[in-house]
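Please examine the protein presented here. The briefing that follows describes its fold, its surface and its core.

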Amino acid sequence: MSRGFPLSEIDNWNTGDLIDWAKAHDRNIMIARGEDVPDPYEQYQRLKAMEPEIERMYAAGQIKEYKYKSYRQTLENCEKQLRE
């Protein structure tokens, strides 16, 4: 295969594993080309670590609603991307 997947292992992997393999391979190619490729899991971890403080600040009225909704949407998008 063009992505270097070991065909002898194909019966041991599910569709999600194969998609993850392809995404990781493509990401590595982009990095090798010198492209800036953010790691979705690292982005998710940073956003998730901020969540308690964001929730506290929003409850205290220190963050405007549109900023809070933007944060929530970004976090949800990251979670969705990681599930794909």
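In which segment does E9 lie? E9 is located in the segment before α1 (15–32). This is a predicted model, in which local features need pLDDT of at least 70 and side-chain atom pairs count only at pLDDT 80 or more, while totals for chains, interfaces and linings use all residues. Residues are numbered from 1 along each chain as its sequence is written, and side-chain values use heavy atoms, with hydrogens and water left out.

**Secondary structure and overall form**

- The protein contains three helices and zero strands, where helices (H or I, at least four residues) and strands (E, at least two) are DSSP runs numbered from the N terminus.
- Along the sequence, the pattern is α-α-α.
- The radius of gyration is 18 Å, whereas a compact globule of 84 residues would have a value near 12 Å; the radius is taken over C-alpha atoms, and the globule rule is 2.2 Å times the number of residues to the power 0.38.
- The C-alpha atoms fill a box of roughly 55 × 30 × 20 Å, taken along the principal axes.

**Burial and residue E9**

- Buried residues make up 14% of the 84 residues; buried means under 20% relative accessible area, exposed over 50%, and partly exposed in between (1.4 Å probe, protein chains only).
- E9 counts as partly exposed because its relative accessibility is 32%.
- The C-alpha atoms of E9 and K67 are separated by 46 Å, and these residues are 58 residues apart along the chain.

**Nonpolar core**

- The largest nonpolar core has eight residues, namely Y44, L47, I54, I63, Y68, Y71, L75 and C78; such a core is a set of buried Ala, Val, Leu, Ile, Met, Phe, Trp, Tyr and Cys residues joined through side-chain atoms within 4.5 Å.
- Both α2 (40–59) and α3 (65–83) supply at least two residues of this core, and the largest share, four residues, comes from α3.
- Leaving aside residues up to four places away in sequence, I54 touches I63, Y68 and Y71, a contact meaning heavy atoms within 4.5 Å.
- In soluble globular proteins, nonpolar side chains tend to be buried together.
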